Structures are given as structure tokens and as C-alpha cells.
Amino acid sequence: MMEKCQTCFKIAEDTYVAPALLPLEDAVAGQIASLWQGAEAKAEVKLNYAFLHEGVLRALLCGIGSQAGVQAVYWRYGVCFYDQKAAGVVRIHSELPDPSGQGGGWISVETTGANAAALARSLVASIERINIGAKPEVVWRDEAPAGREVEPAEPFAALQPGPQPLALSEPRPVYVSYAWGGESERLVDALEGRLADRGYVLRRDKRELRPGHWISEFEREIARADRVIVVLSSKYLKSIYCMQELVHLHAQVLGDRARFHGKVIAIPLDEVNITDPCDRLDCTLYWQGEHERLEVQLAKVKMAQVGDQTRLRLWAMDDIQKKADTILGWIADVLMPRGAASLDAAIERLQS
């Protein structure tokens, strides 16, 4: 129902995004920059509105988000992604009317690559099909490109968002999900040095996150990665942030076991036993208890007193308690040595 009303869009299995709850652009500026890579827009167009209704922007993000899923970076209200068909990057900004009620507002579309003009034309055609309010005035930076795209049945359906190809000289990124401190930290430090010698760069939150950055955005960035190393520890299994990363990974592969194993390389520490179903269910019971504890607290207050982050935490705990046993069971089914030999096995799988 919410998808039909364009108040949210699905980015992965059981994972939805509400445009109105997205972070501001500054919070995801680093992710946008990593996609845009300092390029110059080959095509640029601005759609000026007599009054830009917020519903237009929600429809735009829901339309693109339903195609791009976790392959795009989203903010309120804008989006950036790589289109595989056009071999170029799209960056869309917007500005709502002045709060004083004078009207106005605009959407800008920038595209890169050899097929930038065709990609921009297609996006403009899709935006113009959003039937909310008056049609915008379309102003191209340069002369309006010739030609007309064949419009699909649904707006934005012609897009093919996907991972951006790496330059030949660029180190291959590998993300790591782990709980800070102790043996996990020592293992990740050792892994970082060994991967660097083999042409990989390890992305870890301690390096990537800076004050003011959103932890939730880094979790989604991990889910978008091609390969992720997960270091499982007792602390990891009781960390809301670590377990959310694991659930995001499960959602990104749409709950497909083979795709999960192709993406995730798990290194369980000696302290973790997940081969026994009873031990795996200990994790489920822990998060069930945390979920119930928060529900008890929520029952004591009015819903108007509850903030978005508290609601999101409750939903995250619910997701974890429902999926932990399945995910840990998949990990347990893969033979991995423990101790120092686990690094060799992880690197071997990474290079296979």
C-alpha cells in the first residue's frame, strides 16, 4: 500500500526507504563524491516549476529507487547512481518552494558519459510523466539534445542502475563488518596489511566514518559492496550495528543463499559456536528479548512521543530476531578454519 502511495520504496527484501525520512545531502556527500568522481556533467537540465509539490519528489525517488535499490545513494530530496546501460553517472538535485508560499522550486538532472544526453532525455521524460501539478519549464544548459527516447510503460523503467566499474589501476575494495576491539580488531588489522599487498583496499568504519557521518549509511554502503568479510565474535552477535549490517547483506541478495555465499566471507572466532542450532537460537532469543524490552518501554509512552530512530531500532530488532538463525545457519554450513589459518582461507576465497 505504501509503495502504491509513493511514501516509500523497496531497496531489498523486507527493506524499504521513506523519502521523507532520508538524510540531508551533507550526510552522504562522501558517497556521492565516490560515484561522481569529480567528473564534468556532459548533459545538464533544469526543470523549473510554478510550484514544486513534494509529491513529485517522492514519486521521482520511489520510481528510481524501485529500479536502483541499494545501488544508488539517496538523500532528501536527491539521488545519485551509475547507469550500466548508458555507462554514465546520474546526479539529481532539487529545491522545494520557499516556505513563505511564493511558489517555485526546481529539479536539476546531471549526467556523465558518452550517452549522457540520451540518459538525461530519458530522465526528463519520466519526470514529466509524474502527473502532480503543472508541467515544468525544461531548460537545458546547452542546446536541447536532438532525438526522442522510446518511453517504457512505466516512468524510469528504462534505467539500468548497477555497480560502477573500477578503473584498471584502482585497488579493489573489500568491506569488513566486525565489532571493535579485542581479537576481532587484531585480526582485521592483520587482514588489512595482507590484502594491500594483493591489490585490495579494505574499507572499515574506523577509516571511512568521520564525526557527523551516519552509521546507517555506512551499513547500507557495506550491503552495496561486491565482497564483504564478516568477522563473527560474541560481541558482534550482540551489537545492533553489526547485526544490522548482517541483515542488510541478507536483504541485498534478496534472501538467496548462493548469492549470499558469493558476496560474504565469514570468519567466526574461536569463541563463537554457531554449528549447534541451540547456540544459534541463543542469538535469536537475545534479540527477541531486546525487542520485547523496547516494546515494554514504548507501551508506557504515547506514539507522538516516539522518535523515528526509536521506531527504526524496534523494526531492526524485529528483523534480526526473525533472520539471525537463517543467516548464521548459512555461515555455519561453510567450512572455515579457525585461528591464524582463517586469514589464508578468507584471502583464498576472495581471490577465487
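I started with strand β3, residues 43-48, and found that β3 and β8 pair in the antiparallel sense over 4 bridges. I noted that this is a predicted model.

I read an open sheet of 6 strands in the order β4-β5-β6-β7-β3-β8, with antiparallel pairing. Which strands stand at the edges? I found β4 (73-75) and β8 (137-140) there; each has a single partner strand, so one side of each is left without a neighbour in the sheet.

My next stop was helix α1, residues 29-36. I saw that α1 lies across β4, β5 (78-83), β6 (88-95) and β7 (106-111). Against β6, I noted that α1 runs at about 140°.

Last, I turned to a helix pair. I looked at α10 (residues 277-298) and α11 (residues 308-332), whose axes come within 9 Å and cross at roughly 170°. Angles over 145 degrees count as roughly antiparallel, and that makes α10 roughly antiparallel to α11. Who makes the contact? On the α10 side I listed residues including Leu281, Trp287, His291 and Leu298. On the α11 side I listed, among them, Leu314, Met317, Ile320 and Leu328. Charged residues also take part, including Arg280 and Glu290 of α10 and Arg313 and Asp318 of α11. By class, I have 11 nonpolar, 6 polar and 6 charged residues for the contact of α10 with α11.

How values were computed
Residues numbered from 1 in each chain as written. Predicted model: local features only at pLDDT ≥ 70, side-chain atom pairs only at ≥ 80, totals over all residues. Heavy atoms only, no water. Axes fitted to C-alpha atoms, helices over the stretch in contact; angles between N-to-C directions. Helix = DSSP H or I, 4+ residues; strand = E, 2+ residues; numbered from the N terminus. Parallel < 35°, antiparallel > 145°, perpendicular 65-115°, else oblique. Contact = heavy atoms within 4.5 Å. Pairing = 2+ DSSP bridges.
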